[in-house]
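Subject: Structure handover

Hello,

Here is the structure I promised to pass on. My notes on it follow below.

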Amino acid sequence: MKQQAKKDGKRRLRKAAGLVLAFALAFQTVSVTTAPNQASAAGTVAYLGQDIITSGAIVKKYQWTGTRSGKSVQVKANVIEVALDNPLVKLDVMTAKGKFTNKQNVKNMATESGAIAGVNGDFFNTQSSGSPMGPQISNGKLMATPDDLPGFYSFALTKDNKPVIDLFTFTGSVTAADGASFNLGGVNKTYYWFEPSGQHSMIDSIFLYTDAWGSEDRANDGVTNPTEVLVKNGVVQEIKQHDIFRQTPPADGYILRSAGKGADWVMAHLKPGDKINSTYAIVPRDPSKSYDTANFKMMIGGHTILVDGGKATSFSRTDADYKGYRARTAIGYSKDQKFAYLINVEDNAGSVGMSFAEMQDLMVQIGVWKGMNLDGGGSSQMVARPLGENQVELVSAPESNYQRPIVNGVGVWTLAPKGEALALDIKGATNLFIGEKASYTAAGYDVYYNPLASLDGPATWSISGGMGTFQDNVLTAAKKGDATITVKSGKATQTKKVHIAGREDIESLTIQPSSSILMDNAAIKLSVRAKMKDGTEKVVPAESFQWETRGFPGTFKGDTLTVGSLAGATSGQIIAKYDGFSTIANLSMGAQKVWADFDKANPATSFSATQGVKGSVAVAPGLQGLAATNQALQLNYELPLTGGTLAAYANFGDGTGVAVEGEPQSISAKVWGDMSLNWLRAELVDAKGAIHRVDFTKAINWNGWQTVSANLSALKPAYPVKLKRIYIADIEEGRDERARKGTVILDDIKFEYKNSGPQTSLNQVKLTINKPQITVNGKTMTIDQAPVLIAGNTLVPIRFVTEALGGEVVPWKEGEERKVTIYKDGQMAEFWLDQLRLNVNGTAITAEVPPQLINERTMVPLRVLTENMGWKVSWDQPTLTVTLE
């Protein structure tokens, strides 16, 4: 090795001393707060239900409710329970691609290994070769020994399938033909730092690497200068002094990596042709304990002990962000040793993660007798095979919605034979909107709850009560309410309850236009985000709504609004209606500016990509039907089959982005699509350096030219912004459905800007309780119904007030439900007579008193309008006068 490399290695060593662990979770930037002490971590656990995975394995769902800083918090927990006395199920360790130095997410690891459920496993150093910090025994084979570090517990199964959680260490040596021996530092290990000395593990050492090590590199970080020994069938084949073998360890032997005193011993006692003997074993740290580790079925390393004897116990380690609220993974077993528990705690979508102390509380309450921590944070993942299905799926969304590649995990396998058919299971949505289409599948399973290879005949589908119609397996929901879906195949029948939402189920509706700018003949894609009363959210297709425009002409077809002529228009709104419940979105009159047409002076472009992705960018004329004088930007890409989220970037400028004029509200581009089904995205950088990403489309599902757009206004960036790049993105989920190689072409990149809108009305209106008069801008008029006070709430005649303030009132028509709708300054409200539930701008509001009819005038609670529509109000108590403006 070069001297400079040695110096750099020493600097790294000094920097690393005392830090010791480069855990997977240590390299992700997160917002972390301090957890309460252990005594205040107590909460309550609610059992939410369970799903069968296979004979001997189920996944249970819980919700833990606790208190932090005086506020109630909820955390979702998922537990795979494995019956250790059931011979039809097996618990073992999964390894990424079967060998160390590889990484995969848990889903891919389970799919490749044939596991039907699993969680992430041991901690690992993200900056070195992909190998676990702790020991690993897979299918009875010792694959790695533990690091020589204090406080790291391991989980194992004995030959009798009894669970063990304890502290283990390693013993081993190599013996030369002359009888000299040298202690091994470990088997299949990357470098680490001893505690508390901070010394690098490879200094003055010999480590052994078997064919379980999948890389030609063996822990070479520049700190030590290795000498390697190739051994086959117990005979030294070759020695590389101060060098390494450019190969993986052989199946019939191993490679010794030595350094310092270890290398001196090698050169003094070994030579090619000599016999050599190596022995090693995992042993308990406590010499008073005795385990038959040579016959352990499986073993995986972990971290601190969490629960012992059914009680929270002192932590054996206090690192790994133990006070932070993170996603967590743990493993444990029951008091009778008949059940193993794989535990996953969510930090996503309303579940706020846990500290170690809270994790202890959860584990004790669900019946863990002894349990330990596994890797967590960004590594925490759980998968399971749904009943009747062949592939595993995520049980919960991982932290940051990213399935991190890891080195190993704990998997569940079925050992059951093929059994007789037992039942069918229906997969598909349980909550729908009227007009929404949903696909359903029927899967059969046998008496061991494993999937059948095929159904006993074709499946026929139906839904009760005329609540919808089926076309093959696709349901179109027609009426609101509860319904039952039925599928029949041969003699087997199964049902599934579904709910089709009505307005009473809706908390809010928000229109999501692809652009907030109105321009002549523009095409705007539409969808609606619905938040339901039960707290769930979903994006509902535009086809489930009735649409209308206000202030401008337009036509709706499918999910697209085509804007008509805007001559004379000053502002516009689009309204989506569902079961009498409406929402509104304001669109601004605007202008469009070309940012790049690639024909004139345009930004410099370059290609870059995530690891493993190949491609190129080039500006060329005459592409795909364009005129010979018309240039466009071509992005070619080739994506590998594995890896995390993959991307092929067309970068602009010097890599930091190119400035965009003004305050753009949306971006559009003309795109030649390749039917690859990959994502097409844009990335912008704002004035504060924040990164903003927007989707042009989540599936390039067309061939030929098409204009796509993305809304920027919802990002609320700090202006001015730069366009950094446009790129192809490929996430892991559904990867097998997307093309691995393709070409997209970009032309006419434009930004849209809003013009200043019309001024809002500034009328002032005064009313007095029990006086049939209204004063508008100082002019008093008589009205036929005075404001009244009911149960402490002021009710006002809505038509007089709204029109006096410059708004519009739309009453109900004969034969329709008694609902009044008002519009003012781009806002809307809906009032149903004698109902406390109202709607303001697409959000359900509960009033203290309902709107009601008095002397044939609709009277509504004033507080609802002033608090939710921004109307200014003042109250004069002596005169009982209300002033609105």
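Pro 720 is found in the loop between strand E54 (703–711) and strand E55 (721–730). Strands here are DSSP runs of E with at least two residues, and helices are DSSP runs of H or I with at least four, all numbered from the N terminus. A cis peptide bond joins Tyr 719 to Pro 720, with omega about 0°.

Some ground rules. This is a predicted model, so local features need pLDDT of at least 70 and side-chain atom pairs count only at pLDDT 80 or more, while totals for chains, interfaces and linings use all residues. Residues are numbered from 1 along each chain as its sequence is written, and side-chain values use heavy atoms, with hydrogens and water left out.

Pro 196 sits in the loop between strand E11 (186–187) and strand E12 (205–209).

Most residues other than glycine have a negative phi, and most peptide bonds are trans. Asn 233 has a positive phi of about 50° and is not a glycine. Its loop runs between strand E13 (227–232) and strand E14 (235–240). Asn 233 counts as exposed because its relative accessibility is 62%. The cut-offs: buried is under 20% relative accessible area, exposed is over 50%, and partly exposed is in between (1.4 Å probe, protein chains only).

His 242 also has a positive phi, about 55°, and is not a glycine. It lies in the loop between E14 and strand E15 (253–259). At 46%, His 242 is partly exposed.

An open sheet

Five strands form an open sheet in the order E59-E58-E57-E70-E69, with antiparallel pairing. Two strands pair if DSSP finds at least two bridges between them. E59 (779–782) and E69 (873–876) are the edge strands; each has a single partner strand, so one side of each lacks a neighbour in the sheet. E69 and E70 (881–884) pair over 4 bridges. One of the bridge partners is Thr 881 in E70, which pairs with Asp 876.

Nonpolar cores

A nonpolar core is a set of buried Ala, Val, Leu, Ile, Met, Phe, Trp, Tyr and Cys residues joined through side-chain atoms within 4.5 Å. The largest has 49 residues, and Phe 433 and Tyr 440 touch the most other members. Strand E39 (523–532) gives the most to this core, with 5 residues. A second, separate core has 36 residues, including Val 617, Leu 684, Val 694 and Ile 749.

Salt bridges

The count comes to 37 salt bridges. The rule is a side-chain nitrogen of Lys or Arg within 4 Å of a carboxyl oxygen of Asp or Glu.

- Asp 730 pairs with Arg 735, the closest N and O atoms being 2.8 Å apart. Asp 730 is buried at 0%. Arg 735 is buried at 7%.
- Asp 243 meets Arg 246 at 2.5 Å, N to O. Asp 243 is partly exposed at 29%, and Arg 246 is exposed at 57%.
- Glu 803 meets Arg 799 at 2.8 Å, N to O. Both lie in helix H5 (798–804), 4 residues apart, about one turn of the helix. Glu 803 is partly exposed at 40%, as is Arg 799 at 30%.

Shared partners also join Glu 683, Arg 693, Lys 724 and Arg 725 into one salt-bridge network.

Best wishes
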